[in-house]
Amino acid sequence: MIQNKEALDQVREEAVKVLDSYDCRILVCSGTGCVATGSQKIYEKFMEIAKDAPGVTIEFGPHDKDAHVGVKKTGCQGVCELGPLVRIQKGDDVIQYTKVQIEDCQEIFEKSVQGNETIERLLYQKGGKVSRGPEDIPFIAKQTRIVLKNCGKFDAESLNEYIASGGFQALEKAMFEMDPDLVIDQVDKSGIRGRGGGGFPAGKKWIQVARQADPVHYVVCNGDEGDPGAFMDGSVMEGDPYRLIEGMMLAAYAVRAQHGYIYVRAEYPQSVARLKHAIAVLEEVGLLGDDILGTGFSFHMHINRGAGAFVCGEGSALTASIEGSRGMPRVKPPRTVEQGLWAKPTVLNNVETYANIPEIILKGADWYRSIGTEGSPGTKTFSLTGSIENTGLIEVPMGTTLREIIFDIGGGLKAGAAFKAVQIGGPSGGCLTEEHLDVPLDFDSVKKYGAIVGSGGLVVMDEHTCMVEVARFFMGFTQRESCGKCGPCRIGTKRMLEILEKIVDGKGEMEDLDKLEHLGNFIKDRSLCGLGKSAPLPVLSTLKNFRDEYVEHIVDKKCAAHVCKAMRSYVIDPEKCKGCTKCARNCPVGAITGNKKEPHSIDTSKCIKCGTCLENCVFGAISVN
Amino acid sequence: MLDQSFYQKADEIIAFYGKKPASLIPIMQDIQGVYRYLPGELLTYVAEQIGVTEAKAFSVATFYENFSFDAKGKYVIKVCDGTACHVRKSIPVLEELYKKLGLSRTKKTTDDMMFTVETVSCLGACGLAPTMMVNEDVHPRMTPEKADELIDKLRGGEQG
């Protein structure tokens, strides 16, 4: 039990001692990406090897063995594309191994853990340059990590390691040196804006909740990261769960709340498991519960799992879902700060926002304001995906440009393809193009160009992506996820989707574009909640930036990216065709004719564009136009 | 008529979360976790026990995509069609699974109750797109060929 300040200090001192006593730490990435590529087995293998090695102990605590080796499961190390990732750390020296296989474990243990050799073939290599440590990899070196500072360095499940890394210092400082109002004041002065998409100043929310007359207040964390192509919050929940909880505890202390809820999306089982574990550990030592550290401050945490409704990322829908109802947004005001969960004043922020709070309290508002831009202080996490060389999780100061993110950190486009657009902000966001590459990414600048920073999903698209089809994809998503409460969103998204499907099917007319614009603006202005208000953005922004592509689909009936099936036409090159008859036999509609050993031809009026002929031609004689 | 054991299990779950309306969603999630679907009769029973109307319980269950009144296969395959997976060609993977298992957007479960194929909007492993999830395991960098092999492997494991 950690019952008071002295006990916590003592635990910290011991934990730091143990951390320093490691001769070597084997840090196995345990983010969702690396688990998918098999890192759990790598972890078990290292455990097995270390346990059996003579003179080695892996226990956390005092020991009498020659060597103290730690085998740890960490949060996301960042370069998901190169997983499973393993770091070998000896003091300040860290080797970053990539694409580690079970067969490599023994060799790593002998050469790099017990010995001091580096295994070159497992290092990150690009363009003839070999990177030994994580900081040598441009992808990691160019980041500024606050929220993700522990990810990849410490055991995500261990309270001792979190405390040793400086965890709960902020809580201690707040509870013993700061009045709750002073905590709010620091958060307000830091200028931190909600990282969930809206960008509303967090401090303002806290001030409003604190001054409500009702004595019962709640703290709620939105971990319903629903934007497809975004996994930042999931990485924080599974990679550094204690940091999120500490941030929520600080909020609870500041606004005098006794209960906190984390709403996690159903597709993140690992986040749920890690958070549950962390809460149980904290309850056991008394850092959660009644009378924390003897201060009289009580705080209890609860986890709610989402059930597959994107709209629950909206504040009032999320609280309705926690209450056990359909997750449908309601008319505002009253706002969440006045009547949130169970109609009580509620602080509702997302995962990344809370995860920033401990550092703000510890280092102060001025320090935080020194990072990022005037209007958007601090850093932002982004998940970098799509057609890019280095996919993964990044954290950069607000105001970093797309060019720096895509080309310096991300290493440019995959296989040298040509950059076409980057989709930012998910289904509520828009597409930015070549001309926007030097726009600083902060809440206000991005908005000017018809997109939003949103929660931080960045999906890079190259010339093989059809922007009309992408617009249809997002509209299909929001139409499915519309809760149906208000007409503009329920009916409007359906109509917009029908028009987009018509265009993709090659049946579009020019007047459809005006209809899309008209409908889009109507839905944007008149929907009840953020989902509907932002649903038309992907269409409106592609219409603005890629109008030519829409026109090409409608007038020329052509899809330059060869994505839209209806506009493909298959042709047989008579030079290459050997007349083997395979395509004619496989064609399900009998559209291919020709005599044996003579070039065949396709009757385009019969062809259903299924692509079977192309897949089966061994001479490469069939191509798509 | 459901077997008595269903009600016993439901009672255990209800006791864990408490007889209050706010327990509805977690109770339904756990029941579905055990049986891979939500038996309608059992939901009626749960509603009565925790003090919500039957209408409310069904309105909640039908609102959320995760709940299903139809039994699902032993292996629930969720093909990710999030943005990152979509632009890295997730649809051919889905189509291969449909073709191989004789399923479609409307027929989601095989007759032998082995496989259910669904789509999902993001699994959070976008760095390894396209991905899919079989029960709780995420499979990275899928291709139609890999999907095909995986099905054979899952079927094979069943016989062996």
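Me: I have learned that two strands count as paired when DSSP finds at least two bridges between them. Over how many bridges do E14(A) and E15(A) pair, and in what sense?

Reply: Before reading anything, keep in mind that this is a predicted model. With the threshold of at least two bridges in hand, you can see that E14(A) and E15(A) qualify, since four bridges join them in the antiparallel sense. One of the pairs to look for is Val422(A), whose bridge partner in E15(A) is Leu432(A).

Me: What do E14(A) and E15(A) form, and which residue in the turn has a positive phi?

Reply: Together E14(A) and E15(A) make a hairpin in which five residues lie between the strands, and in that turn Gly425(A) has a positive phi of about 90°.

Me: What is the strand order of the open sheet that holds E14 and E15 of chain A?

Reply: Reading across the sheet, the five strands follow the order E13-E12-E16-E14-E15 in chain A, and their pairing is mixed. The edges are taken by strand E13 (392-397) and strand E15 (430-433) of chain A, each of which pairs on one side only. From one strand to the next, the twist averages 30°. On its way across, the order places E16 beside E14, and strand E14 (residues 419-424) and strand E16 (residues 457-462) of chain A are antiparallel, with five bridges between them. There, Gln423(A) is found opposite Val459(A) of E16(A).

Me: Another open sheet has the strands E2-E3-E1-E4-E5 of chain A. Which strands stand at its edges?

Reply: This sheet also has mixed pairing among its five strands. Its edges are strand E2 (56-57) and strand E5 (93-97) of chain A, and because each has a single partner strand, one side of each is left without a neighbour in the sheet. Further in, strand E1 (residues 24-29) and strand E4 (residues 86-90) of chain A are joined by four bridges in the antiparallel sense, and Ile26(A) has Ile88(A) of E4(A) as its bridge partner.

Me: How many residues of strand E11 of chain A are buried?

Reply: To judge burial, one counts the other C-beta atoms within 10 Å of a residue's own, and 20 or more make it buried. In strand E11 (residues 346-350) of chain A, five of the five residues are buried, so the strand is largely enclosed by the rest of the structure. Thr346(A), Leu348(A) and Asn350(A) point one way, while Val347(A) and Asn349(A) point the other way. Strand E8 (residues 218-223) of chain A runs parallel to E11(A), with five bridges joining them, and Val220(A) is there the bridge partner of Leu348(A).

Me: How should I read a helix such as H9(A), and which of its residues are buried?

Reply: In helix H9 (residues 202-210) of chain A, the buried residues are Ala202(A), Gly203(A), Lys205(A), Trp206(A) and Val209(A). Viewed down the axis of H9(A), these buried residues keep within an arc of 160°, so they line one face of the helix. The elements of chain A that cover them include helix H8 (180-190), helix H11 (241-255), E11 and helix H14 (351-363).

Me: Is Asp291(A) buried or exposed?

Reply: Asp291(A) is exposed, because 12 other C-beta atoms lie within 10 Å. Although Asp291(A) is not a glycine, its phi is positive, at about 50°, and its loop runs between helix H12 (269-285) and strand E10 (300-305) of chain A.

Me: How many residues does each chain give to the contact between chain A and chain B?

Reply: Chain B contributes 33 residues and chain A contributes 38 residues. On the side of chain B that touches chain A, H5(B) gives the most, namely four residues. Sorted by class, that side of chain B holds 19 nonpolar, twelve polar and two charged residues.

Methods:
Residues are numbered from 1 along each chain as its sequence is written. Chains are lettered from A and ligands numbered from 1 in the order in which they are written. This is a predicted model: local features need pLDDT of at least 70, side-chain atom pairs count only at pLDDT 80 or more; totals for chains, interfaces and linings use all residues. Two residues are in contact if their C-beta atoms, placed from the backbone, lie within 7 Å. Helices (H or I, at least four residues) and strands (E, at least two) are DSSP runs, numbered from the N terminus. Ala, Val, Leu, Ile, Met, Phe, Trp, Tyr, Cys and Pro count as nonpolar, Asp, Glu, Lys and Arg as charged, and the others, Gly among them, as polar. The arc is that of the directions from the helix axis to the C-beta atoms. Axes are lines fitted to C-alpha atoms, for helices over the stretch in contact, and angles run from 0 to 180 degrees between N-to-C directions.
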